[in-house]
Amino acid sequence: MPRSLRDRVLALSERQQLALLFGVAFLLRLAYGLTRLELPEINDMGVYDDLAMSIINGTAYTSALEPDFRSFRAPGYPYFLAAVFSFFGHAALPVVIIQSALSAATCLFVYAIGRDLVNRFVGLVAAGLSAVDAEMIHWSRELITETLYIFLLVLLVYTFNRMRRAPTRGWGVAVGLLLGASALVRPNVLLLIPFLALYGWFGFDIERRQRLILAAIVAAIFCLVLTPWTVRNYRIHDAFVPIATIGGSSLYGSVPPEAKPGQEVVVWRFLERGLHILPNGYDMMYRLFGVPEPPSNLAFDPAEFDEVALSNQGRDHYLAYVRDHPGDYARLLITKASLIFNPLPPVYAPITRSDFGFGEADVIVRYYVCAFILVAFVFGAVGVVSTFDLRSPALLLHAVLAYHIVFQLLFRPALRYFLPGLVLCSIFTAAGAWALRNWRSRLAENPESARPRMATAGVLALAVLANSAYQMFGLRGDIVAHDWSVIVRLFSS
């Protein structure tokens, strides 16, 4: 009898399976990327393009879309673009090809992490999920930090796990380099360090002296990677700015703005869209989205602008809100927690060049993403519970996932910012499928341990489903109804 496709794939060697996986992932991303090969002129992507060209031309590190800032954006991604443009010219195609390859390679490292931390089945399923992840595919086309950052983060987790298995100084140097490179692409990696440090201290089965040596090596290399840019920032601002000044503004934008008279701010909508004008009246959104001048009633004075002071003002406003409105802040955290696990991606808007590019058919992709994320969350809840063990190397993944949840709670939750955690969550999703596949044998072998875990996993999965129903039909019922009318019209025609 002819063998099924599944049997043929399983019959391949590991190297052949990985080659097939990389090929499928790369072709999916490249095919999608070729649907729109344009250099961006507005929004964050336009800023990164401007910054890359400023590096190549040797001019000040600034963008026409954010002309008053010199250190607002981290330099990692602009330097990556500058390297690509220097070799291949100022065009979108080489960026799409390279980012497609990086995203496909990310799937291979997801496989390796799943294999090493759980088993080969989990690695293959997790890598397969990453290969067909529509959000990963989408952002591999865009000139923005997601693809490079996710690649570096997944590689960092893989390397950190290798250092646990072989605690040599060479692996310590590699971890320090990757940690520094990741931070230069996304400064929020600085918040990940305590999670990695706790795991390294309690999860490494080595002598205390060896732990201290490894920690010192990682810290030293990390600081060496950051030092040139930190020194550059000090010379410009006469202030200590490790990487970028965006942090305070991001904190400021994560708490609700003051409502205008007669207008009530809907918190969940605010968190998805952002409604702030920065503390001193500066609003970059007008330039970012193609409007040349901000309204004349803003308090911004270019002659008195100080981006470090602006960042400090944003941070102080955030801390004051937490201190003065503890009840409101607690409710805000609950709202953010619910939004983190919202499976329906925001409505894509062509004006910001953040749509999928298929016109009305974008709605079909959105609900593919929705179904994908819902499956990832439900099975991921089972995987988180089934793999949790303070003595297990899988605790590293728990730490990284916890970091991404904490990051979303502190700042403004968005699917794009949660995507790195979601990619690594695919390992938990696969582990959840493995656990459900073998639940009878686990129950028979150790009923006293298996039953509480199964009950906990069931409660988490039901909570995810309930939150998803609330997000989709409670908060977004009008959007869902409109989307499905479009889907019915598309298929009926």
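Gly-176 touches Val-218, Ile-221 and Phe-222, leaving aside residues up to four places away in sequence; contact here means heavy atoms within 4.5 Å. This glycine sits in helix α9 (residues 169-185), where helices (H or I, at least four residues) and strands (E, at least two) are DSSP runs numbered from the N terminus. Gly-176 is buried, with a relative accessible area of 0%; buried means under 20% relative accessible area, exposed over 50%, and partly exposed in between (1.4 Å probe, protein chains only). Between the C-alpha atoms of Gly-176 and Ser-338, which are 162 residues apart along the chain, the separation is 34 Å.

The model is a predicted one, in which local features need pLDDT of at least 70 and side-chain atom pairs count only at pLDDT 80 or more, while totals for chains, interfaces and linings use all residues. Residues are numbered from 1 along each chain as its sequence is written, and side-chain values use heavy atoms, with hydrogens and water left out.

Stepping back to the whole protein, the fold contains 22 helices and zero strands. Its radius of gyration is 23 Å, close to the 23 Å that the globule rule gives for 493 residues, so the protein is as compact as a globular protein of that length. The radius is taken over C-alpha atoms, and the rule is 2.2 Å times the number of residues to the power 0.38. The C-alpha trace spans about 75 × 65 × 50 Å along its principal axes. Of the 493 residues, 50% count as buried. Among contacts with a separation of 6 or more, 74% come from residues 24 or more positions apart.

What lies inside comes next. In soluble globular proteins, nonpolar side chains tend to be buried together. A nonpolar core is a set of buried Ala, Val, Leu, Ile, Met, Phe, Trp, Tyr and Cys residues joined through side-chain atoms within 4.5 Å. The largest such core here holds 121 residues, and Leu-81, Ile-113 and Leu-424 touch the most other members. Helix α8 (residues 146-165) gives the most to this core, with 13 residues. Apart from it lies another core, of eight residues, including Tyr-367, Val-480, Val-486 and Ile-487. Beyond residues up to four places away in sequence, Leu-81 is in contact with Tyr-48, Asp-49, Ala-52, Val-95 and Leu-143.

One pair of helices shows how the elements pack. Two packed helices are described by the angle between their axes and the distance between the axes. For helix α2 (residues 14-33) and helix α5 (residues 92-117), the angle is about 145° and the axes are 8 Å apart. Axes are lines fitted to C-alpha atoms, for helices over the stretch in contact, and angles run from 0 to 180 degrees between N-to-C directions. The crossing of α2 and α5 is right-handed, a term for a near helix turned clockwise from the far one by less than a right angle, with anticlockwise giving left-handed. Contributors from α2 include Leu-18, Phe-22 and Arg-29, and those from α5 include Ile-97, Ala-101 and Tyr-111. The residues of this contact divide into 14 nonpolar, three polar and three charged. In that tally Ala, Val, Leu, Ile, Met, Phe, Trp, Tyr, Cys and Pro count as nonpolar, Asp, Glu, Lys and Arg as charged, and the others, Gly among them, as polar.

Two residues draw attention through their backbone angles. Most residues other than glycine have a negative phi, and most peptide bonds are trans. Asn-43, however, has a positive phi near 60°. Asn-43 belongs to helix α3 (residues 43-57) and is buried, at 7% relative accessible area. Asp-238 likewise has a positive phi, of about 55°, although it is not a glycine. Asp-238 lies in the loop between α11 (208-237) and α12 (246-252) and is exposed, with a relative accessible area of 59%.

Ala-376, in helix α17 (residues 362-387), counts as buried at 6% relative accessibility. Ala-376 touches Leu-422, Cys-425 and Thr-429, not counting residues up to four places away in sequence. Ala-376 and Cys-425 are 49 residues apart in sequence, with 7.2 Å between their C-alpha atoms. Val-267, found in helix α13 (residues 267-273), is partly exposed at 27% relative accessible area.
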